[in-house]
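Welcome! Take a moment to look over the sequence and the 3D picture, and then let us walk through some of the details together.

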Amino acid sequence: MRSVRLNFSKTGRAIYISHLDVNRMMTRAVRRAQLPMWYTEGFNPHPYIAFALPLSLGQSSDCEYMDIRIEGDMTDEEIRQRLNATLPEGISILSVGAPVHDAKDISAAQYFVKIIFETDAEASLFCEKADELMKGAELIAEKPGKKGHRKIMKQVNLIDFIFERKITCTGNVVNLQCSLAAGNTNNLNPTLLVETIENCVGIHHKQLYVVRKKLITKNNEIFR
Amino acid sequence: MLSEKIQKILLEVQKPGRYVGGELNSVVKDKDSVAVRYAFCFPDTYEIGMSHLGMKILYSVVNNRDDAWCERVFAPDNDMEEKMREQNVPLWALESGDDVKDFDLIGFTLQYELSFSNVLNMLDLAGVPLYSKDRPDMTPIVVAGGPCACNAEPMSDFIDVFMLGDGEETTDLLISLVKKHKEAGSSKLDFLRDVAQHKGFYVPAFYDVEYNADGTISSVTAKETAPEKAEKAIVSDMDKAVYPEKFIVPSIEVVHDRVTAEIFRGCIRGCRFCQAGFLYRPIREKSPEVVEEQCKKLCETSGYDEISLCSLSTSDYTGLQPLLNSMLDWTTKDKINIALPSLRVDNFSDELMEKLAVVRRSSLTFAPEAGTQRLRDAINKNVTEEDVMSTVDKAFAGGWTAVKLYFMIGLPTETLDDVAGIAQLGQKVVDEFYRLPDRPKGKGVQVSISASSFVPKPFTPFQWEPQDTQEMLAEKQEHLMASVTTKKIKISTHTTQTSFMEGVLARGDRRLSKVIELAWRKGCKFDSWDDQFRYDKWMEAFEEAGIDPVFYANRRRDYDEILPWDHLDYGVSKTFLINENKKAHESVTTPHCRIKCAGCGANKLNGGKCDALSKA
């Protein structure tokens, strides 16, 4: 039995598939691909599949990671080809290899965010204000959280979770490249960041596209 | 591809995966290279529609052709509908994202009466006029099939063509006819004249219906090219019928997410309440070799880990033992579970039970249908209390601690004693568990009783019977609850209002089209969802249309009354149904078709052949 890490992308129509459903889909995909999966033992045997970091519904990604356990000696390339032959539109295996990092060590994610506004003026206003707000010391947002077992709304300072940012504007389109906190403990969704800024400025986008480009570990290495 | 408008609203609704298509094995073609585009519409949500086997079969039938493209359409949920209406986004088909109104054929499957309002809502969301008469052009043609097409009269003002019986061959023929008439530049009337001449098609506009002063039908007259009686179509050889090699694998969770293999069509039993048991006659079996091959292929192409062997009465399949023996070799190895729905208590063997528990244990459900032997005889269920007991014995000994029992209340001739009999039978099952020395240790027993309300349906021996009024059903439900004395029995019942509406629509005539439209305009949709059903709105609609729903639901019909579906021929003769009705009132049973042919007449559809006799 050996562990194999698969890097896959999620684009197009597949971005509307939730994390839980991606999990179920992959369970079926490995069966269709007839990979020599290692099965858990017990009353309900199932193949071992684990994901590095869930992706929000509606976002694209080039850096999705899934670990599986296989028995026998199928090559990484064959695993890639077999799976790609049987995946639905928008899901594609980019590379296969032995896991290097531990998913627990993920601390940030890099995003490309494209925000389209109704008018050029709105876009440049957003761009200017966003730059200002992200340079500041405080950008407060409400996030659902828990106090014991109770669900409450928590106030959080988003500035603590923004590590890198670059914002540009052309016409009615704003491009935001950023590195935000990601992982088990702290996590900032770029959609929340954009909407918090919009609430401060008092405007709202027409379309929003988010692509997750890379996962970064606490030692500042690219997760793989 | 999905338009920007659609993309924008997708992130504002629950479960957007329902609206985007792109699932594995869905079929995308070049729209310019096909002659006919078919929008197959299921008038309920994606999760329900994607569980439906008929759609998978017909999707393959159409898409196997190079000149046609079948796409899927489902009823959008309320949040999505709101966004669509707000942003002026018309209903689209999942594969191409194109507007449904631009398709050549829009086909609905009518699986249950309470989905009728959704058909109207979907036509409206698509921007297609509701009434057939308001669609003068050759395309789009609106067709409908499925079990409710057997009495489609309430929907007859909206639908151009109904498809009766098995759809495999008629759908293929329909595509060819549409192609021919599109190319010839025919008018809609030319097309309808052609289609009405073929077996399996029913053009309601070609029949004039007259009424008596008391509201009953005085005459139905065929005109144009329509036959006096429109006959249903059947597939005569199930081994040769089109069956998908691939199922679309939904990317989100749906109700039945598994391989479904149809093992036979029709039923030998003749339970008098059961519409499917008569509608799908004569019985035609698929051979075990073909079933197994299809299952294997489907598992490979889908990656599913469960196979459901599907039919109206799975344990009646003559090839069940050899099929299971052969399949278990590979299903066990591949960790695939086999589910057998629709088992009977009178032929559930130890062997069968062992095979069910090989990979993962599924739940056990049996349907005694009625609480006393007298009533079970009246409905011709042909099972005894001993059958039920010996079956639960086996199940408990085999480690099961929960069983589900299905019953109906409101059956013809039923008394309160029969209702109490349901609780008593449940109690006997509980007692049986504690009497068994080899019962599962350290566990209690759970008996779940589902008591639905009986709705008389067309083409059954009970088609003349009055449905119990809501008051009677409510009284019986209360009596049932009061008759249960242990917490080990859980009872669930249906709301009487939905059963009443189902009863009205099931045996309605074409005057109800107006009522359905009015109800829909008042906001009725998703009527089969208890939380969305608006009884008050339906009653307002009847009031405004000046129609009394009780006339349809709670009235006893005479044998010589012209019924709204009498000009449709589903094979089973009226004389046979009358005899069965009389026997029901005498509590006399009719043996199943393998013991003795009851002479229902359905074999005429298959050149006199019936598998019940050849495989007795």
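## A buried serine

A residue is called buried when its relative accessible area is under 20%, exposed when that area is over 50%, and partly exposed in between (1.4 Å probe, protein chains only). Keep in mind that this is a predicted model, where local features need pLDDT of at least 70 and side-chain atom pairs count only at pLDDT 80 or more, while totals for chains, interfaces and linings use all residues. Residues are numbered from 1 along each chain as its sequence is written, chains are lettered from A and ligands numbered from 1 in the order in which they are written, and side-chain values use heavy atoms, leaving out hydrogens and water.

Is Ser453(B) buried or exposed? Ser453(B) is buried, because its relative accessible area is 8%. This serine belongs to strand β17 (residues 446–453) of chain B; helices (H or I, at least four residues) and strands (E, at least two) are DSSP runs, numbered from the N terminus. Contact means heavy atoms within 4.5 Å. Not counting residues up to four places away in sequence, Ser453(B) touches Ile409(B), Leu473(B), Gln477(B), His494(B) and Ser499(B).

## A covered helix

Ser499(B) is itself one of the buried residues of helix α16(B). This helix, residues 496–506 of chain B, is mostly covered, with nine of its 11 residues buried. Among them are Phe500(B), Met501(B), Val504(B) and Leu505(B). What do the buried residues of α16(B) pack against? Their partners in chain B are α5 (116–126), β17, α15 (470–483), α17 (512–521), α18 (535–545) and α19 (549–553).

## The open sheet of chain B

In chain B, six strands form an open sheet with mixed pairing, in the order β2-β1-β3-β4-β5-β6. Two strands pair if DSSP finds at least two bridges between them. At the edges are β2 (68–74) and β6 (201–202) of chain B, each pairing on one side only. Strand β1 (residues 36–42) of chain B runs parallel to β2(B), and seven bridges join them. You can find Phe40(B) opposite Arg72(B) in β2(B).

Two helices to look for pack on this sheet. Helix α3 (residues 53–63) of chain B touches β1 and β2 of chain B, and its direction makes about 155 degrees with that of β2(B). Here axes are lines fitted to C-alpha atoms, for helices over the stretch in contact, and angles run from 0 to 180 degrees between N-to-C directions. Helix α6 (residues 167–184) of chain B touches β1, β2, β3 (105–109), β4 (141–145), β5 (161–163) and β6 of chain B, with its direction at about 135 degrees to that of β1(B).

## Where the chains meet

The size of an interface is often given as the accessible area lost when the parts come together. Chain A and chain B bury about 2,400 Å² between them, 53% of it on carbon and sulfur atoms; buried area is the accessible area (1.4 Å probe) that two parts lose on being put together, summed over both. In chain A, Arg13(A), Tyr16(A) and Arg31(A) lose the most area to chain B, together 33% of what that side buries. The contact involves 24 residues from chain A and 34 residues from chain B.

How many salt bridges are there between chain A and chain B? There are two, a salt bridge being a side-chain nitrogen of Lys or Arg within 4 Å of a carboxyl oxygen of Asp or Glu. Asp257(B) forms a salt bridge with Arg24(A), with the closest N and O atoms 3.1 Å apart. On the side of chain A that touches chain B, α1 (19–32) and β10 (207–217) of chain A each give two or more residues. Helix α1(A) gives the most, with six residues.

In chain A, strands β6 (residues 140–147) and β7 (residues 150–157) pair in the antiparallel sense over eight bridges. Lys143(A) stands opposite Lys154(A) in β7(A). The hairpin has two residues between the strands, and Gly148(A) takes a positive phi near 65 degrees there. Asn220(A) also has a positive phi, of about 65 degrees, although it is not a glycine. Asn220(A) counts as exposed, at 65% relative accessibility.

Chain B has cis peptide bonds to look for. One joins Thr139(B) and Pro140(B), with omega about 0 degrees, and Pro140(B) sits in the loop between α5 and β4 of chain B. Another runs from Arg281(B) to Pro282(B), with omega near -5 degrees.
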